[in-house]
Each structure stands twice: as structure tokens, then as C-alpha cells.
Amino acid sequence: MDELLRNLLIVLAVMIVVVPIGLLAVGTAYGEWDIGVSSTWAAPIPDYALPSLGGSFLNQSLAYWLSAIIGVVLSGGLLILIGRAITSRN
Amino acid sequence: MIPIWLYAGDWLRKNLKDRQVPYLALAAAFSFVIMMFNVPIPGGSTGHAVGSALIAIILGPWVAVVTVSVALLLQALLFGDGGITALGANCFNMAFVMPFVAFYVYSFISGKTEITSKRRILAAGVAGYLALTAGAFATGVELGLQPMLHAVDGAALFPYGLSITLPAMLIQSLLFFSFVEAIVTALAFAYLARSDPTIIFNYTRRREQMKDPIPSAPV
């Protein structure tokens with residue numbers, strides 16, 4: 001594999017490993033508060049948390065890691081599919 | 001936002017190269033993960049970098065529109081982050097305002113300097129700083145207009161007007177989150193420009209022939 005691509009993948013992997021750092025911030029982004037309006041869509045992993053796992057930092061981290069991996073695989077996978085579909089026609 | 005997505009799709013159809021596809025995927029994944037790094041600030045609020053300034057500089061603003069939109073779409077669908085109803089506004093702020101501000105600021109400051117010049121690293125940093133600030137400004141305007149637009153039984157769902165939302169969004173960005181976006185953009189740009197400048201948007205067309213005295217043979 002291309003050396004740059006390999007290095008960027010390593011950086012991405014390290015970012016996923018340390019992503020629970022993002023959990024240390026307490027609070028919600030400005031304007032993203034829960035205003036109690038029933039949502040039109042039920043997200044499968046709301047707020048990157050799996051309440052069934054329990055609330056310890058380790059359990060929250062497991063859910064956060066899982067979320068990061070799902071997000072990375074799906075966003076990367078979707079762009080590969082879209083990109084391939086576009087370039088194969090050219 | 002829909003016409004912007006349509007135009008971005010059309011731009012990709014015309015300009016996307018085979019070898020850029022893995023970088024497209026990396027860009028979306030990178031943007032998704034970096035938005036998970038919530039940064040706490042005094043006052044109990046949080047925020048995060050977006051990565052769309054970097055993507056706009058490296059792969060072009062229209063690529064940033066598509067990749068950051070996909071990351072935001074997955075956030076909303078899978079994790080209820082941002083939410084479906086705010087997806088259009090979020091994409092406008094982070095996948096349209098940010099990449100274009102970043103790209104034009106970066107281009108303006110860079111001028112015709114070498115791709116590995118210090119001035120370009122500075123340009124990338126300033127672009128990241130101003131892009132996130134512009135995105136926050138747009139968000140502040142949209143939030144501040146809500147009390148005038150949406151209300152249930154006379155009570156606004158979102159109670160604060162522009163005089164509160166604009167300073168709130170701008171101050172927390174100018175003091176905190178814009179610096180995060182600036183540092184990420186400058187460091188990653190410096191690394192990419194040294195590793196493989198040929199992947200950088202608009203690079204090959206302008207520079208390669210000047211450096212290579214032998215014109216490349218037609219294939």
C-alpha cells in the first residue's frame with residue numbers, strides 16, 4: 001500500500017483508540033440541548049451511548065469506541081462506493 | 001442545501017480521479033472521528049473541530065461538501081447527534097460555509113508560494129481558524145432566528161435571540177474551537193504537503209511541468 005495512505009490509516013486508528021478523551025467534556029454543544037420535542041427518528045445508538053452497558057467510564061468508552069468504528073467504517077465505505085461508482089463511469 | 005449537494009455531485013462526476021477515492025474515504029472517516037473529540041470550555045458548554053477546512057484545502061471544497069455531509073448524515077441517523085431536522089442547517093454551516101471560507105482564505109494567503117513553504121502552513125492555519133469562526137457565526141444566526149420562526153403555543157422551542165446566540169457562538173469559537181481547527185489544519189497540511197504534494201488540490205496542474213524539464217510523453 002502507498003506509504004502515505006498507510007500512515008494516514010495509522011493516524012486514524014490512533015484517533016479511534018484515544019477517542020474516549022472526547023467523553024471527558026461535560027455538557028452539550030451550544031444550541032444542541034435536548035428541548036424535549038419528540039424526535040421523528042429513533043437513532044440506534046443515541047448520543048454514542050449504550051445504556052445497557054452501564055454508566056462507568058470504561059463502559060461509556062466501549063460504546064464510544066464502537067460508535068467511532070461504526071462511523072468510520074460506514075463513512076469511509078460509503079465514500080469508496082460513491083467514488084468507485086463515479087470514477088468507473090469516467 | 002439540496003442544490004449545493006447536486007452541484008457537488010456533478011463536480012465530482014467531472015473531476016474525481018481513481019487515485020483520490022481512498023483519500024475521499026479517509027476524509028469522511030477523519031471528519032467523523034474528529035467531531036467526536038468534544039472540547040470542554042468554561043461555562044459548561046462543549047464544542048469540537050470539524051476537519052472540513054483541511055479537506056477543502058487538500059481535496060478541494062466540493063469534495064469537502066460531500067465527505068463532511070456524509071459524516072454529518074451518519075451522525076444524525078445512527079447517533080441522533082445534531083438530529084435529522086437540523087441536518088440541512090448543520091451541513092450548510094460545516095459542509096458548505098466552512099470549506100469555502102477555508103479554501104479561499106488559504107488560496108488568498110498562499111498566493112504563488114511553493115507548496116512546502118511556511119507561508120502555506122500559516123495559510124492553512126488561518127483558514128482553519130476563520131472557517132470554524134464563520135461556521136459558528138452562521139450557526140449563531142440560524143439559532144438566533146429560531147424564536148421568530150418556530151413556536152409552539154406562543155412559546156419558542158429555542159428561546160434565545162440573535163443578541164444572545166451570536167456572542168455565545170462567536171466567543172466560544174474565537175477563544176477555543178477555532179484554535180483547535182487551526183492547529184489540526186496547519187499540522188496535517190504541513191505533513192501532507194511534505195509527504196505527497198501531488199494529492200493536493202490544484203497542485204499537479206500548475207507545478208509538475210515547471211519542475212520537470214522533460215515534457216511528459218503522451219501516453
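Leaving aside its neighbours within four places in sequence, which residues is B:Phe79 in contact with? They are A:Ala43, A:Ile45, A:Pro46, A:Asp47, A:Tyr48 and A:Ser67, where contact is taken as C-beta atoms, placed from the backbone, lying within 7 Å.

This is a predicted model, in which local features need pLDDT of at least 70 and side-chain atom pairs count only at pLDDT 80 or more, while totals for chains, interfaces and linings use all residues. Residues are numbered from 1 along each chain as its sequence is written, with chains lettered from A and ligands numbered from 1 in the order in which they are written.

**View 1. The contact between chain A and chain B.** Chain B contributes 44 residues and chain A contributes 43 residues. On the side of chain B that touches chain A, α2(B) gives the most, with 10 residues (helices are DSSP runs of H or I, at least four residues, and strands runs of E, at least two, numbered from the N terminus).

**View 2. B:Phe79 in helix α4 of chain B.** B:Phe79 is buried because 20 other C-beta atoms lie within 10 Å (buried means 20 or more such atoms within 10 Å, exposed 12 or fewer, and partly exposed in between, with C-beta atoms placed from the backbone).

**View 3. A:Asp47 in the loop between α1 (3-17) and α2 (57-89) of chain A.** Although A:Asp47 is not a glycine, its phi is positive, at about 55 degrees. A:Asp47 is partly exposed, with 15 other C-beta atoms within 10 Å.

**View 4. A:Tyr48 in the loop between α1 and α2 of chain A.** A:Tyr48, also not a glycine, has a positive phi of about 60 degrees, and A:Tyr48 counts as buried, with 24 C-beta neighbours inside 10 Å.

Terms used:
Contact = placed C-beta atoms within 7 Å.
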